[in-house]
Amino acid sequence: MRSLNLFTAFIPAVLIFLTTNANSQAPDRNSALDEKVRKFLSENSRQWYDMNVPAVDGQLLYDIIVKNNYKSALEIGTSTGHSGIWIAWALSKTGGKLITIDIDEGRHRRALENFRQAGLSEYIDARLADAHSLVRELKGPFDFVFSDADKEWYKNYFIDIDPKLKTGGCFTAHNISDRGRGYGGYGGQGEFLNYVRSLKNYETTVNSAGGGVSISYKKSDK
Ligand SMILES: C[S@@+](CC[C@H](N)C(=O)[O-])C[C@H]1O[C@@H](n2cnc3c(N)ncnc32)[C@H](O)[C@@H]1O
């Protein structure tokens with residue numbers, strides 16, 4: 001009788017464990033969306049000639065978002081959508097959404113078509129606008145930002161976004177090098193990198209595996 005009671009208590013516990021486990025792993029399974037995105041990326045790997053990030057940088061952005069469970073993303077500089085696809089793919093795992101901005105109508109249209117073909121449109125709000133003004137107008141808050149438009153404006157974008165970036169959030173920027181002079185040392189990227197590194201409430205590293213990505217985590221409000 002006692003062993004029967006133990007048995008009847010054991011079965012629901014096993015069922016709860018199996019259901020919870022199945023749900024928590026569901027986003028990582030080879031879902032139909034994953035297959036569609038992978039197929040799109042592999043079939044279009046040669047079409048990213050519009051100043052797009054290399055795949056290794058796309059994977060880096062994807063990993064940062066998934067690891068931190070970010071949900072509210074902003075991209076400045078959509079071009080034809082390569083980085084946007086990686087970001088939105090990650091957001092499809094976390095239940096988030098991306099706002100991405102570009103000023104060029106041709107590239108904006110091409111990006112919309114690429115997002116549709118990759119199956120990711122529902123995760124993306126693509127705006128055709130001048131980011132200088134739109135970034136100021138957007139309310140946020142954001143927990144992830146990728147800056148990849150006009151380099152001489154990088155510091156201004158950061159200053160406008162900082163109050164709208166959640167503590168624990170991450171500001172990333174492309175074409176950054178911390179090898180002293182050169183790429184990131186001069187011009188807008190250098191000015192931005194020096195500025196963000198001067199802030200005590202941000203912790204900044206640079207990933208040099210691809211085109212150079214600065215990764216700045218906001219550790220506290222001030
Ligand atoms: C390097 S590309 C972006 C590449 C994209 N992130 C990718 O990897 O697929 C830079 C883009 O920024 C856009 N851009 C430049 N200045 C801008 C501005 N003031 N507002 C919005 N977009 C701008 C350009 O039209 C261009 O498409």
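A residue counts as buried if 20 or more other C-beta atoms, placed from the backbone, lie within 10 Å of its own C-beta atom, as exposed if 12 or fewer do, and as partly exposed in between.

**Figure 1. Overview of the predicted protein model.** By that definition, 37% of the 222 residues are buried. The protein has 8 helices and 7 strands, taken as DSSP runs (H or I, at least four residues, for helices; E, at least two, for strands) and numbered from the N terminus. Residues are numbered from 1 along each chain as its sequence is written. In this predicted model, local features need pLDDT of at least 70 and side-chain atom pairs count only at pLDDT 80 or more, while totals for chains, interfaces and linings use all residues.

**Figure 2. The residues around the ligand.** Met51, Gly77, Ser79, His82 and Ala131 come nearest among the 21 residues around the ligand, where a C-beta atom placed from the backbone must lie within 6 Å of the molecule. Two or more shell residues come from each of α4 (82–94), β2 (97–102) and α6 (131–137).

**Figure 3. Pairing of β5 with β7.** Strands β5 (residues 165–174) and β7 (residues 213–218) are antiparallel and share 5 bridges; pairing requires at least two DSSP bridges. Thr172 lies opposite Ile215 of β7.

**Figure 4. The hairpin of β6 and β7.** Strand β6 (residues 202–207) runs antiparallel to β7, with 6 bridges joining them. Glu203 is opposite Tyr217 of β7. Between the two strands of the hairpin are 5 residues, and Gly212 in the turn has a positive phi of about 90°.
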